[in-house]
Amino acid sequence: MAARDAARRAGPARHRPAPADKLYEEEEDDALPDSDTLPDSDDEVELDKPRPIQIVLAHEDDHNFELDESALEKILLQEHIKDLNIVVVSVAGAFRKGKSFLLDFMLRYMYNRTSPCWIGGNNEPLTGFTWRGGCERETTGIQIWSEVFVIDKPNGTKVAVLLMDTQGAFDSQSTIKDCATVFALSTMTSSVQVYNLSQNIQEDDLQHLQLFTEYGRLAMEEIYQKPFQTLMFLIRDWSYPYEHAYGLEGGRKFLEKRLQVKQNQHEELQNVRKHIHSCFSNLGCFLLPHPGLKVATNPNFDGRLNDIDEDFKNELRNLVPLLLAPENLVEKEISGSKVTCRDLVEYFKAYIKIYQGEELPHPKSMLQATAEANNLAAVAGAKDLYNKGMEQVCGGDKPYIAPSDLEQKHQDFRESAIRQFRSVKKMGGEEFCRRYQEQLEVEIDEIYANFVKHNDGKNIFYAARTPATLFAVMFAMYIISGLTGFLGMNSIAALCNLVLGMALISFCTWAYVKYSGEFREVGTAIDQIAEAIWEQVFSKLFEVLRRRTVHRALTSVPRQRLSSNNNKKKN
């Protein structure tokens, strides 16, 4: 235990390149660790043996992501690297396209970069980041290699190099938001993002790139220049070397052709290309051949070079130094300032909080976005039909209409609007469309409430309710004040005079507000108070008087009949 603690304090153990004469003969005991050694996030991260460490955890139940701050800090806040500028090379793209496989060759280069035979022995299994053959996803969230490599650049400065592996996009368990979050996080925190594609650059690849980078750009508060640094399109299994040769030069020509903005292009296609150019400071492309049938079809393939085609190995020897050779390293910058290992920890914390919150819009699939637009258009058309009908009944210059008639018209136009919504062909299915029909019904009821208020405003008696109420209060207070003063109840009389004065001031204020249009909040408050007095006092008082009047009228009729009958009998 003491030895282990001492090892931790001493910092991570470093792999030294094997001697060239032994590199192909045997596998070293301290070679790259087996991928099965990936620790759980809850376990203590020990750095005595390099391995992949999960720093962004994917929660499949609620499709949310969590940053393992402890693991990230143990790696990036080591004393010998925390103040060095950092280089972050990340690989992202669709799942099961060989991202982790490629990263393990990058690890071989970093551990054996001084050797011309860094690519390894012909019978040496490929270890490092977790990878395997098959059709199911392997990596989830974001992983980084626990050893941060310290490299001397040609200008004499030291930089820290970090390798990052990401969850593959578009698997059966990830939503579009999941894919966008992982891609955006890795792009925001990396200095070189390798966009791993298969066989070609298709239009949907560019559209997904536009969506993911825009999701990342939304999370960055201030952008004074291009928000991201280097994007390297890596085209795997390139099958057209007769058109564009393997490697960087062939990729450059191919990428120029793919991202060219032409006058006769549709606006949508032009916008995608302009967006990509506006997001990245440097764009590159590398064409990589197929690694061979043994790699693709052998279930027992473990990364031995013997099973890989020679063309693939030759291009791999060009690709990896292109990204990781000291003279080619790209230091991470944010807003034009170099980022240290210590800084990157804080940026990770800030970015993950943004994606855990609800501040950003949720990205959607093209079907869902189209279905929403389709249903929203149908809702807008139905609301317009309802509005036009109601405007004809009680619009701006139409006279006052009885509330019962207005409600009947509302019900008729409401049903017509819902019928129109249902008649429009919509995408998304019955359950999806039902939500928008419910939204339409709620919005129509809100519009109706506004029409009711507008119609009430045309009723002269409704408009005169506030002054009538205030006059009634003043008249009542005047009478009560006079009677109580006459009877010697001066305190009550004074209170009535106070209420009378307040009512008079309120009436004058209300009249000024209605005339000038100023202090509308005060006028609204007076209207509300008058409405409450009317409903709670005068309305109930009038109702009592009405009932008594009717009751007296009904009771007087039998008496009149009885008296007339008695008169007849006497006669």
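**View 1. A nonpolar patch on the surface of the predicted model.** In this predicted model, the side chains of Ile-480, Phe-486, Leu-487, Met-489 and Ile-492 come together as a nonpolar patch on the surface, and their accessible area together is about 510 Å². One of these residues, Ile-492, belongs to helix α16, which spans residues 490–516. Ile-492 has a relative accessibility of 37% and therefore counts as partly exposed, since that class lies between under 20% for buried and over 50% for exposed.

**View 2. The whole chain, as context for the close-ups.** The protein contains 17 helices and eleven strands, and 43% of its 571 residues count as buried. Its accessible surface amounts to about 31,000 Å², with 52% of that surface belonging to carbon and sulfur atoms. When contacts between residues at least 6 apart in sequence are considered, 75% of them join residues at least 24 apart.

**View 3. Aromatic pairs around Tyr-195.** The structure holds 13 aromatic pairs. Among them is the edge-to-face pair of Phe-183 and Tyr-195, whose ring centres are 5.4 Å apart and whose planes stand at 80° to each other. This pair links distant parts of the chain, because Phe-183 is in helix α4 (residues 176–189) while Tyr-195 is in strand β7 (residues 192–198), twelve residues apart. Phe-183 is buried, with a relative accessible area of 5%, and Tyr-195, at 4% relative accessibility, also counts as buried. Tyr-195 forms an aromatic pair with Phe-233 as well, in this case a tilted one, with 5.7 Å from centre to centre and 55° between the planes. Here too the pair links distant parts of the chain, from Tyr-195 in strand β7 to Phe-233 in strand β8 (residues 228–236), 38 residues apart. Phe-233 is buried, like Tyr-195.

**View 4. A cluster of aromatic rings.** Ring pairs join four residues, Trp-238, Tyr-240, Tyr-242 and Phe-254, into a cluster.

**View 5. Strand β4 and its two antiparallel neighbours.** Strand β4 covers residues 142–145, with Ile-142 and Ile-144 pointing one way and Gln-143 and Trp-145 the other way, and all of these residues are buried. Strand β1 (residues 52–59) runs antiparallel to β4 and is joined to it by four bridges; in one of the pairings between these strands, Pro-52 has Trp-145 of β4 as its bridge partner. Strand β6 (residues 158–166) is also antiparallel to β4, and three bridges join the two. Within β6, Met-164 is the bridge partner of Ile-144.

View 6. In strand β5 (residues 149–152), Phe-149 and Ile-151 make up a covered face, whereas Val-150 and Asp-152 make up an uncovered one. The strand pairs with β6 in the antiparallel sense over four bridges, and Phe-149 stands opposite Val-161 of β6. Five residues lie between the two strands of this hairpin, where Gly-156 adopts a positive phi near 95°.

View 7. The salt bridges of the model number 18. In one of them the side chains of Glu-69 and Lys-349 meet, with an N to O distance of 4.0 Å. Because Glu-69 lies in helix α2 (residues 69–76) and Lys-349 in helix α10 (residues 341–356), the pair ties together parts that are 280 residues apart in sequence. Glu-69 counts as partly exposed, at 36% relative accessibility, whereas Lys-349 is buried, with a relative accessible area of 16%.

View 8. Lys-82 forms a salt bridge with Glu-79, and their closest N and O atoms are 3.3 Å apart. Lys-82 is buried, with a relative accessible area of 16%, but Glu-79 counts as exposed, at 64% relative accessibility. In a further salt bridge, Glu-430 and Arg-434 have their closest N and O atoms 3.9 Å apart; both residues lie in helix α13 (residues 430–457), four residues apart, which is about one turn of the helix. Glu-430 is exposed, with a relative accessible area of 61%, while Arg-434, at 35% relative accessibility, counts as partly exposed.

Key. Residues are numbered from 1 along each chain as its sequence is written. This is a predicted model: local features need pLDDT of at least 70, side-chain atom pairs count only at pLDDT 80 or more; totals for chains, interfaces and linings use all residues. Side-chain values use heavy atoms; hydrogens and water are left out. Patches are made of residues with over 30% relative accessible area and no salt bridge: like charges are joined within 9 Å, nonpolar side chains (Val, Leu, Ile, Met, Phe, Trp, Tyr) within 5 Å. Accessible areas come from the Shrake-Rupley method with a 1.4 Å probe; for residues, only the protein chains shown count as cover. Buried means under 20% relative accessible area, exposed over 50%, partly exposed in between (1.4 Å probe, protein chains only). Rings of Phe, Tyr and Trp (its six-membered ring) pair if their centres lie within 6.5 Å; planes under 30 degrees apart count as stacked, over 60 as edge-to-face and the rest as tilted. Two strands pair if DSSP finds at least two bridges between them. Contact means heavy atoms within 4.5 Å.
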